[in-house]
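Please have the sequence and the model open while reading.

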Amino acid sequence: MGRRRRSLVTPGAWVWLVVIAGLHLAAVATLGDLARVMAVALPAVTAFAVPPALYLVIALLLGRRAPARALGGALAMAAAHAALAAAGVAVLLGVDGRAVTVALSLVTTPVGVAVQAATVLVMLAPFRGLLRPPVRYPRTTARADRPVYPRAKAPVATPPPEEIAASPAITPDGAGAPADAGGPALAEDAVAAVVDGAAAAPVVDEPTAAPVEPPPVDAGRRSPVAEPVEEMVRVPFARVADQFPPEAFRLPMDRVAANLLEPGHLLVPIRLLLPQLAEGVAQVAWSVVAEQFPGQALAGAHAEVARLLPAGMLTLPIDEIVPQLPAVLFTPPGTALDVRGLEDFPPPFQPHVPPPGEEDEDTRAAETEATSADDEPDEEAVIVVGADEECQVETANEDPSSPVVEPERIGEHELDVVAAAPAMPAAAVEPPAVDADARPAPAAVALPEALARSLHVSRVTREGVGMTMAVAPALDADVVADTALRMAPFLADRRLGTRAEQVTYRNGPVAVVVTPRAPGALVVAASDTAASLALLERWALQAAGGGAPSSAVPSPALARGERLRSVDVPGAVSAVAGTLRSFGPVAPTVMHDETTGTVLYLFLPPSSPALPMATFARDVTAELATGELGVPVSVTFRLGSRRLVIQALESGVARTALLVAGGPVDRPGLARVELERAARRLAGV
Amino acid sequence: VSIINHAEKAIYFKIVYYGPGVAGKTANLQYIHRCLPHAHKGNMVSLATGDDRTIFFDFLPVSALTVRGFQTRFQLYTVPGQVHYNMTRRLVLRGVDGVVFVADSQWDRLRDNVESLRNLEENLREYQMSLDATPYVVQYNKRDLPNVAPVEYLEFMLNRRARRVPFFEGVATEGKGVFDALNTVSRMVLAGEFGGAEKGA
């Protein structure tokens, strides 16, 4: 309940009013003559015009954010003044027995007017809250330390309709629409019940004091919030804090959290989340929660903070939201499929006994044909089963108008799938100007047709290194060559333990793949679309003759000083190690570079020493950071079946942390997903 | 669309394991491959793409019971889950008879599940097919992980059509729910093909 309503109904305020009025009248009766002695009476017009003007000024000062309320307040004070004057005259007439003119002259003396004005101000002081806009100090009874949160009901700022409309990730084209547009969107009745109940729910909680530690920011600067009361879910601020760049706040995140309207939590109206539940995502616009932040904590205006967020939206952890919602919301709308007829068929498949764990590994390996990277299919391929009853794979474009051959069904024991070589009638490589390598190259360097259209092939010699280059036109070939030369020494770096077959630099959509072909010779491929990276890597390996490890250029002394020291491994980092399963067993190590302040999180096989890899990762990143393509998002070294991935972690505006993971990887896609997750988790450490 | 080979007295069905990347589609096939008797399975073929891509597709031919004198043979496929392999997914769906939608139960993959299901519907439409007319089941995989969404919520998101299809909780790496899903969708396919009660060895 707001302060305004409490002041109106509090008996004390009215008692105060009556007491002060009584005292005033008693004073008039007792000291009336004194006023006459001290000054002459003012002209009636002046005596009755000055007080309202005074009240208007005072009311406007106190209620400057609500002019209408101020005007009303001034009128109320003027009315009180008139009432006091009339009462004073009545007292003088009735009690004191004076004449009307004498009584009027007494209440219109300067002293009399001043006393009446002061009396009015003191008398109405408890009602001054009426002059301000309605200020609310909502708190739910649930506190952060409670283990179970009921759904909170609290008044919050209701965003303008256009902001509400923008907040859910629902779009008419189905990008955010429920999966089944034809089915019921939600359990409508349940939704309506929740929303209606929310709208009618009263607020029962009193304001609570701001937290003592850390000291609160001036809560008075927090913009007032408005009705209506809504049913809310509480989202721990810590779960969304990493979406705010540090420059968004003047205070540390922990203090921002402590000074939220609901300390430690953001309150989000359920009605904004309901339409998104079927999408498995929950997003709200910054404006929905902006008023819950103390004004002094924000580094800029709300609009600036919104600009710092992706699309101005906060992504909320849905695992915090769903448990707070009533289960009835998730009642599937349809009816179960009638599967009674299925019992007519026995289960077609029965697992083999004994269980698979006892099956011979070698037998299984022989039965599972997994193609190696060297004969993988292209990224987009058409499966063509010909009359010879073999599956083949040939390159195709994404264009659906491309001719596609209908696959035919074939006998199970005759089935086989062959990864065909990429189409070879591609861009011919120009004869090398300086053939520094001993291997014949041109036939192996032919580009697949899909790449030939998008890459420009050339051959250059820089610093004594011959480079066969396939570079996207949008990229500067000189910059790509420079990047390749920066990476090349690391391919044969002793700290790797073995020579790398290939290294891939990535920064956004830009990728540069460097593959040694022979001493002093490299195959360099660069793309500005990440989608073609796999094809590019494969082509580069083929063009380099299988990516046989060889010393591309002499390995220089790269040590930049061993100013790395191990630090304790936080529990959160140890937990991340357990998630990188595609790298095999890895041990976490955290190292700090005292020179640059960079923190390195290493996840390497237990038998691999961390320090050399840490210095290696640091040196690779530092070397590439000075190039024109900039600090890499990731650098991946292919070492036979092993991979070493150096991934920069986003830490605010500067990348000050590296994730280094290495080990045998047989599912690189899974490894990539695990690394991305690990990077997100480590960014919050 | 089943294929009947009268000479061999065999009928072929195509089952596609569909779902977002790293949801466990390959794990399903690997487990099936490991567990089926040698006489009932062919070679499993996995095609991988480049360094940072996962499976192109997996293929496993298996034979099952005899119905009306025809040996039923199922060709099990997976699709690559990554978003930019849509043409491959579309091609693998060509001629599909049944679908096992493998969903990742983890909270942070929910959106991927929804998008993958929507992508499945779109790709089926390319062949004038729809999920309403295609036998399919849903497998909520990775139920052994700690950060999984409740099945009720997964059902709300992924099984919300007018007719809800059978669903299974799964841990594909351990085999939980793998054969339940496969047998159910296979029987749905057989029921659609043969219409009911006839069955064989």
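## Charges over rings

Arg160(B) lies over the face of Phe156(B), 4.7 Å from the ring centre. A charge sits over a ring if NZ of Lys or CZ of Arg is within 6 Å of the ring centre and within 35 degrees of the ring normal.

## How to read the model

This is a predicted model, in which local features need pLDDT of at least 70 and side-chain atom pairs count only at pLDDT 80 or more, while totals for chains, interfaces and linings use all residues. Residues are numbered from 1 along each chain as its sequence is written, chains are lettered from A and ligands numbered from 1 in the order in which they are written, and side-chain values use heavy atoms, with hydrogens and water left out.

## Salt bridges

A salt bridge is a side-chain nitrogen of Lys or Arg within 4 Å of a carboxyl oxygen of Asp or Glu. Over all chains the count comes to 20 salt bridges.

Arg161(B) takes part in a salt bridge with Glu121(B) (2.6 Å, N to O). Arg161(B) lies in the loop between helix 4 (151-158) and strand 8 (163-164) of chain B and Glu121(B) in helix 3 (residues 110-126) of chain B, so the pair ties together parts that are 40 residues apart in sequence. Helices (H or I, at least four residues) and strands (E, at least two) are DSSP runs, numbered from the N terminus. Arg161(B) also forms a salt bridge with Asp132(B), with the closest N and O atoms 2.9 Å apart.

Arg161(B) is buried, at 9% relative accessible area, and Glu121(B) is buried at 11%. Asp132(B), at 47%, counts as partly exposed. Buried means under 20% relative accessible area, exposed over 50% and partly exposed in between (1.4 Å probe, protein chains only).

Helix 17 (residues 533-543) of chain A is mostly covered, with 10 of its 11 residues buried. Just after helix 17 of chain A, Gly545(A) takes a positive phi of about 75°.

Helix 19 (residues 610-625) of chain A has 16 residues and reaches 22 Å from its first C-alpha to its last, close to the 22 Å expected at 1.5 Å a residue. The expected span is 1.5 Å times one less than the number of residues. Its buried residues include Arg618(A) and Asp619(A). Arg618(A) and Asp619(A) are also linked with Asp493(A), Arg495(A) and Asp593(A) in a network of salt bridges.
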